[in-house]
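Subject: Structure handover

Dear colleague,

Please find the structure below. My notes on it follow.

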Amino acid sequence: MAENKQQLNPRAERLQADIDALAGMIDGSRPGYTRRPFTPWYRESRAWLAGRMREAGLTTRIDAASNLIGFLPGADPSLKPIAIGSHTDTVNGGGRFDGIIGVLAGIEIARLLKETGTVLRHPLEIIDFTAEEPSEFGISTVGSRGMVGNLTPVMLELVDAATGTTLREAIAGQGGDPDRLAEEARKPGDVALYLELHIEQGPVLERTATRLGVVSGIVGIVRAKATIVGDPNHAGTTPMTLRYDALGAAFERLCRERYEADVVGTIGKISNEPNASNVVPGKVTFELEIRSLDPEVSGRVFRLFEEEAARVGQARGLRVQVDKLSESSAIRVAPDVLSVLADSCAEVGSWRELPSGAGHDANQMAVIAPIGMLFVPSLAGKSHCPEEWTDTDEVADGVRALAGALLRFDERAVLGERG
Ligand SMILES: [Zn+2]
């Protein structure tokens, strides 16, 4: 490391004050800590964040997709920026940490660079991405999509049913410029590296008493819809042996298997017709999703599901149809990024590698840049609820590890080489 690089030690009480400040800019008419994008509370928090960025020595701007970006020049103007980002919108009834600590971590690191007089070689960008959570327009990761050219003209015309506003209008209303999206879209190579600190949103770190998680990758998702057609009939007069019960079939063994690989499967949405207590179910549709880092594994589990569904259908005399709705590919973090993140975490505390079962802005940024993510523990694995909690010293450890990783990456010539 060069001699001007020191350890950056975040101030926990300052981070906590920032978390508390944002926790006060919420829609009081909604449950929990609700700050939906494109609302007055979001505009208030954006103005506050921009102020904190400028205090930390960053220049601020709003890009075409209405992301808030704080910029710090680097010593070597030929280098592309390292970006640190996340989001400050919440789900309805959300918490105080999801996304928020990632943006605040970036601002705290900028302050520490300023206070210690540390000059990075790379320019640094701290990004508050617009509308990461599922929005009123039906899509998520709005801002990061926009930044990498994945916000299509069709998406821009999506309408918020409650207000009649289009996504295009919402982005413009927040200082963005939808007409310049294509022109401003970043391309592979435009960003040297993207880093994100996030709460785990799961129980693994807490259960294993581990301070930090190095994210090995973000799972891909296979979503499918299954329709089972039986014969609706009277619940009292139809003998068990003469039923074609569509709902009974849905519950038979379809999601009971255990797998060794890192894979999860969920049937989270179900509808039953005619849905009456005295009628044998005649038609059941449900949606399932399978998440894994390994497309081979999710593909195999999906095929097993199809085979099992066909077998149950045949055994029960029902018509079963399975349609794949969508498939997103998994993202693997490059080995050299993983090893730098691991070294930085080891300097701070206990750590382990784990996949991210949830999607993030990093999914979009991976289109144009190598990515790295760190997790800090979530109390009881809870997120997207008011009970969401991470201790201040755990957040500070995450920021310390992220700052250490930033200094290490900054020393390197080529980031995220595929190993
Ligand atoms: Zn998040």
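His384 sits in the loop between β15 (371-376) and α13; helices (H or I, at least four residues) and strands (E, at least two) are DSSP runs, numbered from the N terminus. His384 is not a glycine, yet its phi is positive, at about 60°. With a relative accessible area of 35%, His384 counts as partly exposed; buried means under 20% relative accessible area, exposed over 50%, and partly exposed in between (1.4 Å probe, protein chains only).

This is a predicted model, in which local features need pLDDT of at least 70, side-chain atom pairs count only at pLDDT 80 or more, and totals for chains, interfaces and linings use all residues. Residues are numbered from 1 along each chain as its sequence is written, and side-chain values use heavy atoms, with hydrogens and water left out.

Other backbone points

Thr141 also has a positive phi in a residue other than glycine, near 45°. Thr141 belongs to the loop between β4 (124-129) and α4 (142-147), and is buried, with a relative accessible area of 7%.

The peptide bond between Glu273 and Pro274 is cis, with omega about -5°. Pro274 is in the loop between β9 (263-273) and β10 (279-280).

Pro73 is in the loop between β2 (68-72) and β3 (82-87). Its relative accessible area is 54%, so Pro73 is exposed. Thr59 is 14 residues from Pro73 in sequence, and the two C-alpha atoms are 9.3 Å apart.

Helix packing

Two packed helices are described by the angle between their axes and the distance between the axes. Axes are lines fitted to C-alpha atoms, for helices over the stretch in contact, and angles run from 0 to 180 degrees between N-to-C directions.

The axes of helix α1 (residues 12-23) and α3 come within 10 Å, crossing at roughly 140°. The two helices are therefore oblique to each other; angles under 35 degrees count as roughly parallel, over 145 as roughly antiparallel, 65 to 115 as roughly perpendicular and the rest as oblique. The crossing of α1 and α3 is right-handed (left-handed if the near helix is turned anticlockwise from the far one by less than a right angle, right-handed if clockwise). On the α1 side, the contact is made by Arg14, Leu15, Asp18, Ile19 and Leu22, and on the α3 side by Ile100, Ile101, Leu104, Glu108, Arg111, Leu112 and Glu115; contact means heavy atoms within 4.5 Å. By class, these residues are seven nonpolar, no polar and five charged. Ala, Val, Leu, Ile, Met, Phe, Trp, Tyr, Cys and Pro count as nonpolar, Asp, Glu, Lys and Arg as charged, and the others, Gly among them, as polar.

α1 also packs against helix α2 (residues 40-55), at an angle of about 155° and with the axes 10 Å apart. This makes α1 roughly antiparallel to α2. The crossing of α1 and α2 is right-handed. Asp18, Ala21 and Leu22 of α1 meet Ser45, Trp48, Leu49 and Arg52 of α2, which gives four nonpolar, one polar and two charged residues.

Between α11 and helix α13 (residues 392-411), the axes come within 8 Å and cross at roughly 130°. α11 is thus oblique to α13, and the crossing is right-handed. α11 contributes Val337, Val340, Leu341, Asp343, Ser344 and Cys345 to the contact, and α13 contributes Ala401, Gly404, Ala405, Arg408 and Phe409. The classes are seven nonpolar, two polar and two charged.

Ser344 lies in helix α11 (residues 335-346) and is buried, with a relative accessible area of 1%. Leaving aside residues up to four places away in sequence, Ser344 touches Ala401, Gly404, Ala405 and Arg408. Ser344 and Ala403 are 59 residues apart in sequence, with 8.4 Å between their C-alpha atoms.

Regards
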